[in-house]
Amino acid sequence: MQNAKDTFYISLRSRLATVNPERTMTLRGVVRPGILVEEAEAPAAQLPLDAFVLRWTKFATDEQLPSILAHMTCEIHYATAGTQNNAGLDRGRALEEMDDELLQMLCPSSTVKMNYTQTPAAQMGTNIFWSQAVFAPENTTRERVGRVATVEVFAFQEQGEQ
Amino acid sequence: MSADFSTQNLDGHAFRLADSLLRANGGTTAYLQMPATPGDASDAGQLGLDAPNFQPLPLSPVAFRRTRATMTEGEPARYELIVSGSAVSAAVGAMQVASADLLFQMAAGVAIANELFLIEAVSLSECQGAVYVYRLLLRESASGWQMQTTQD
């Protein structure tokens with residue numbers, strides 16, 4: 001189901017670049033939209049501020065259907081400390097802005113599954129689709145405010161797909 | 001309100017003292033694992049498909065020690081790395097980054113004696129506004145990879 005996970009990330013990244021082109025970060029020497037897959041980056045003691053971090057957790061399958069339906073849980077972590085201009089007093093507003101961006105990134109809630117192990121990426125025969133985000137309560141640690149949104153991602157396993 | 005307007009000549013004594021103490025106390029070389037430049041901007045690079053090709057950036061002198069004698073089951077051991085401020089300053093210049101904080105944030109870990117460690121926290125000590133020593137709290141990497149350094 002790696003193709004579904006890859007497609008979900010690339011889809012959200014492309015949408016973020018449209019929703020808010022100014023939300024960028026520099027990671028491993030590259031300026032890119034402010035979203036990353038935690039398991040595809042170097043481990044860090046603390047998640048970055050002002051960026052969306054995708055963390056894959058649960059995985060289940062439904063084998064009663066003609067094709068196996070994979071069901072994965074993606075936690076989207078994000079946090080901010082506000083802006084320097086406002087001495088961080090706008091951190092609540094900044095978090096609300098990220099909430100809104102995430103809602104826009106998740107809509108529409110489906111896209112064509114792609115295989116990114118090939119260059120160029122190849123379109124596959126089915127779509128991936130996902131549930132509405134469930135937003136956890138705001139979490140405050142000193143000047144840092146953050147939230148976790150949980151999304152259930154579904155994808156059919158295609159012939160020959162691992 | 002008051003301010004200290006006394007003359008304080010920066011003569012670098014704290015840097016020299018820190019470096020000589022680090023060398024005298026088992027000074028060695030640590031290698032920050034820095035991203036390759038230019039970075040990999042491809043989709044594959046962001047999905048864990050391409051090898052990141054981290055480059056070792058040497059820092060010397062450093063002193064490396066375990067922070068506690070007791071071990072907790074299931075928890076990787078913690079270590080402390082004391083790094084020369086002048087070495088970090090040179091590395092910041094070489095990597096052309098804005099600050100030492102950014103340098104440590106960019107690093108994917110530290111290799112010492114061919115073992116990989118993860119950076120948990122950074123603190124510093126300064127004299128007359130110049131940082132002469134950095135203290136890095138490290139955690140043993142669970143991977144157990146043997147790291148290659150430029151000295152091998």
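View 1. I112(B) sits opposite E115(B), a residue of β5(B). Strands β4 (residues 110-112) and β5 (residues 115-127) of chain B run antiparallel and are joined by 3 bridges. Strands pair if DSSP finds at least two bridges between them. Strands (E, at least two residues) and helices (H or I, at least four) are DSSP runs, numbered from the N terminus. This is a predicted model: local features need pLDDT of at least 70, side-chain atom pairs count only at pLDDT 80 or more, and totals for chains, interfaces and linings use all residues. Residues are numbered from 1 along each chain as its sequence is written, and chains are lettered from A in the order in which they are written.

**View 2. The barrel of chain B.** In chain B, 6 strands close into a barrel, ordered β1-β2-β3-β6-β5-β4, with antiparallel pairing. On average, neighbouring strands of this sheet are turned by 45 degrees against each other, direction ignored. Axes are lines fitted to C-alpha atoms, for helices over the stretch in contact; angles run from 0 to 180 degrees between N-to-C directions.

**View 3. Helix α3 of chain B.** Helix α3 (residues 85-95) lies across β1 (28-34), β2 (55-66), β3 (78-84) and β6 (130-140) of chain B. Its angle to β2(B) is about 160 degrees.

**View 4. Chain A against chain B.** 16 residues of chain A are in contact with 20 residues of chain B (C-beta atoms, placed from the backbone, within 7 Å). On the chain A side, α1 and β2 (30-33) each supply at least two residues. α1(A) gives the most, with 3 residues.

Note on methods:
Two residues are in contact if their C-beta atoms, placed from the backbone, lie within 7 Å.
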